[in-house]
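The stops below follow one another through the chain.

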Amino acid sequence: MNRAREKEGWKTWTGCVLGIAGAGGIESGMAVGMQNTGSAEATENDDLPEIAESGDERLSTLSGKIRVLLMDSGYQSYYHSSVTLNLNGADYEYTPDSPELSQGELVLGGGEAGITITSIERQESPPVYYGTLEIQNTPQGLLLINELPLETYLEGVVPSEMPASYEGQALMAQAVCARTYAVCQMEEGSLQEEYGADVDDSVNFQVYGNIAPTDKTSQAVRETSGQIMCQDGKPVTAYYFSTSSGRTSTDEIWGGTSSSYLKSVECEFDQNAPWSSWKVTIPWTVLEERTRNLTGSESLESIQVVKKSESGAVTGLQITTEKEAVQLEGEYEIREFLSPQGQTITEKDGSTVTGGSLLPSSYFQLKANKGGCVEITGGGFGHGVGMSQTAANEMAKEGYSWQEILEYFFRDITLDRYE
């Protein structure tokens, strides 16, 4: 999982992805016959979707464009067994056997209205995509890649990663973080070789389009247009997360040397937030089953914290069986092993939520009662590296500007313009 952040959909504002405001799509070239599930009139050329020519230089990966790999409804796979969409008022369906995909791919221009994909479910469904939609036919299934201007992409990211109800300056800080993170991914190209994309639309990178843009979130993108955080002229990896436990971390929690632009800072701004402290109890039998899957051993003898980072995050968890002792060291690995899936988490304000696939954070203490349960008391939500979004909102309420918010969480950065 990428470190940008991880929302589990418990009592958070994010869930899935999409609905981008504004931005006219690329005007396409030729129109060809399509498989239509709608009316007979839709087979007339005037009603056909725009097909972008593969040789059109406007479809290449330019500095101002980003290519987003769209996952299925459950965010489980990049591959789709079929795709249904609405374009220019007509419905279309594509499967691996569709003649339009006989050459391997099809690129559709969304125009000003965008392309509605009805076969993908998001929190605000059905999602609408602007720019172009590339459908690739592969042996594993159909791949969907949405190529669009970076700024339009950000209009779909900001409301999906931070509540639109947050203060304007906090939303602007979020927009700059999201833009900077996206630029890093575009330069890194981790998905390019295998999928021809820069990012996907899930928490693996940044959630895109789960919640539709509002005037307020789009304004935050526009008012910071092109602004990214740099150090020594290079964009930084602008990590962010939901809520701190009182202090932020550096990327030391993932091993290796900490990045020079990340700093661990005292963070009291979000200490009245519900997620600033929490507790949960996990049955011993649940952890024993996970131990069995991990080690093959039938018996869990003990579980204990053996290492913490300078900021207090657990970076070493020892699991002892009757045969061996195993130490988990990855932040994600530890939080996954201690997943409170299906268990009740009690937050600072006394409210309760049902746990997801990750422990809320790696800032915790535990009390293990062999054969009974493991009591975990912790603080914060997310990995704790970079900017606390909840703190950013509180800082904005106190009059901090978006620039001051970013300077608080990141060290020795400059604000440069990405063109």
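**Stop 1: a covered strand**

Select strand β2, residues 65-69: it is mostly covered, with 5 of its 5 residues buried. Buried means under 20% relative accessible area, exposed over 50%, and partly exposed in between, with a 1.4 Å probe and protein chains only. Strands (E, at least two residues) and helices (H or I, at least four) are DSSP runs, numbered from the N terminus.

This is a predicted model, where local features need pLDDT of at least 70 and side-chain atom pairs count only at pLDDT 80 or more, while totals for chains, interfaces and linings use all residues. Residues are numbered from 1 along each chain as its sequence is written, and side-chain values use heavy atoms, with hydrogens and water left out.

Now colour β2 by face. Lys-65, Arg-67 and Leu-69 lie on one side, Ile-66 and Val-68 on the other, and all are buried. Two strands pair if DSSP finds at least two bridges between them. Pick Lys-65 and look across to Pro-149, its bridge partner in β9.

**Stop 2**

Select β11, β12 and β23. They form an open sheet of 3 strands in the order β12-β11-β23, with antiparallel pairing. The edge strands are β12 (234-235) and β23 (414-417), each pairing on one side only. Between β11 (residues 227-231) and β12 there are 2 bridges. Zoom in on Gln-231, which stands opposite Lys-234 in β12.

Now show α2. This helix lies across β11, β12 and β23, running at about 65° to β11. Axes are lines fitted to C-alpha atoms, for helices over the stretch in contact, and angles run from 0 to 180 degrees between N-to-C directions.

**Stop 3: Thr-180**

Which helix holds Thr-180? Thr-180 sits in α2, residues 168-188. Thr-180 counts as buried because its relative accessibility is 0%. Show its surroundings. Beyond neighbours within four places in sequence, Thr-180 is in contact with Gln-227, Ile-228, Met-229, Pro-235, Val-236 and Ala-238. Contact means heavy atoms within 4.5 Å.

Draw a distance to Val-236. Thr-180 and Val-236 are 56 residues apart in sequence, yet 6.8 Å apart in space, C-alpha to C-alpha. Next, follow the side chain of Thr-180 to the backbone oxygen of Val-176, at 2.7 Å.

**Stop 4: the nonpolar cores**

Select Leu-85, Tyr-153, Met-387, Leu-406 and Phe-410. These have the most contacts inside the largest nonpolar core, which has 82 residues. A nonpolar core is a set of buried Ala, Val, Leu, Ile, Met, Phe, Trp, Tyr and Cys residues joined through side-chain atoms within 4.5 Å. α2 gives the most to this core, with 12 residues.

Another core, of 24 residues, lies apart from it; Trp-278, Leu-317, Phe-337 and Leu-366 are among its members.

Go back to Leu-406. Leaving aside neighbours within four places in sequence, Leu-406 is in contact with Ala-173, Val-176, Cys-177, Met-229, Met-387, Ile-413 and Leu-415.

**Stop 5: helix α7**

Select residues 389-397. In this helix, α7, 7 of 9 residues are buried. Those buried include Gln-389, Asn-393 and Met-395. The buried residues of α7 pack against α1 (150-161), α2, β13 (240-241), β22 (387-388) and α8 (402-409).

Check both ends. Ser-388 caps the N-terminal end: a side-chain oxygen lies 3.1 Å from the backbone nitrogen of Ala-391. Just after α7, Gly-399 takes a positive phi of about 105°.

**Stop 6: Ser-299**

Jump to the loop between α5 (284-295) and β15 (300-308), where Ser-299 is found. Is Ser-299 buried or exposed? Ser-299 counts as buried because its relative accessibility is 19%. Ser-299 touches Glu-288, Thr-320, Thr-321 and Glu-322, not counting residues up to four places away in sequence. A polar contact of 2.6 Å joins its side chain to that of Glu-301. A polar contact is a pair of N or O atoms within 3.5 Å; within protein, one must be able to donate a hydrogen and the other to accept it, and residues adjacent in sequence count only if both atoms are side-chain atoms.

**Last view: the whole chain**

Zoom out. The chain has 8 helices and 23 strands. Buried residues make up 56% of its 419 residues.
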